[in-house]
Amino acid sequence: MEIKMSLQEHNDRKAKSYKMLLWFGMASMFMMFAGLTSAYVVSTSRPDWLNDFVLPNAFIISTVVILLSSGTFHMAKKAMQKGDRSKTTTLLLATLALGISFVVAQFYGFSQVIAEGYYFTGAESTITTSFLYIVTVVHLAHLFAGIIVLLVVIYNHFKQKYNAAQTLGIELGAMFWHFLDILWLYLFLFFYFY
């Protein structure tokens, strides 16, 4: 006996499957960062560990920027669900600008660390700054993927693939972006207070 489902039921199942896959992907990414921060904790017992290292201000600024970007992405999703295309456009472009600003602030933070005489690689590097560099660069690689996702969402938005009843692409993009924000907040608080 063949069971037929409505278009709405089909779309709901598809959305649920995509969201579940994304949750699995995000969980695996978080486990990788948990492993890196665990290795950081173990390494603090080394005699060459820098106990007086302080994160530069650029990382505080980048944290504020990425949290703001999460807010604009959320508001863009809400605006699309209300059918406000103009507001969605503005908020998606604001999210992109904030995402790029985050990357710029991260690289400025690296330059501040080097200006203080700490190096990430080479003979003059320390295990403390090398850990900071590896974890931050790995996060930046994930953020690069997030920016590509955001560009795809913006492209699809301009192609009018979303409307008040069809927002799955924006929802998935926003979920991944929020994950990246939460991940960075976790890393920042870890480096700041540990």
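**Close-ups of a predicted model**

Asp48 is partly exposed, at a relative accessible area of 39% (partly exposed sits between buried, under 20% relative accessible area, and exposed, over 50%, with a 1.4 Å probe and protein chains only). This is a predicted model, where local features need pLDDT of at least 70 and side-chain atom pairs count only at pLDDT 80 or more, while totals for chains, interfaces and linings use all residues. Residues are numbered from 1 along each chain as its sequence is written, and side-chain values use heavy atoms, leaving out hydrogens and water.

**View A. Arg46 and Asp48 pair up through their side chains.** What you see here is a salt bridge, with N to O at 2.9 Å. The term stands for a side-chain nitrogen of Lys or Arg within 4 Å of a carboxyl oxygen of Asp or Glu. Arg46 is partly exposed, with 39% relative accessibility. The structure holds two salt bridges.

**View B. Glu171 and Lys19 form a salt bridge.** Their closest N and O atoms sit 2.7 Å apart. This pair ties together distant parts of the chain: Glu171 belongs to helix 5 (residues 168-193) and Lys19 to helix 1 (residues 7-43), 152 residues apart. Helices here are DSSP runs (H or I, at least four residues), numbered from the N terminus. Glu171 is buried, at a relative accessible area of 19%, whereas Lys19 comes out partly exposed at 25%.

**View C. Asn156 sits in helix 4 (residues 127-158).** Asn156 is buried, with a relative accessible area of 15%. Leaving aside residues up to four places away in sequence, Asn156 touches Lys161 and Tyr162 (contact means heavy atoms within 4.5 Å).

**View D. Helix 2 covers residues 57-81.** Its 25 residues reach 37 Å from first C-alpha to last, close to the 36 Å expected at 1.5 Å a residue (the expected span is 1.5 Å times one less than the number of residues). After helix 2 comes Gly83, with a positive phi near 80 degrees.

View E. In the model, residues 21-42 are 100% helix and 0% strand, with end C-alpha atoms 32 Å apart. Strands are DSSP runs too (E, at least two residues). Residues 88-110 are likewise 100% helix and 0% strand, and their end C-alpha atoms lie 33 Å apart.
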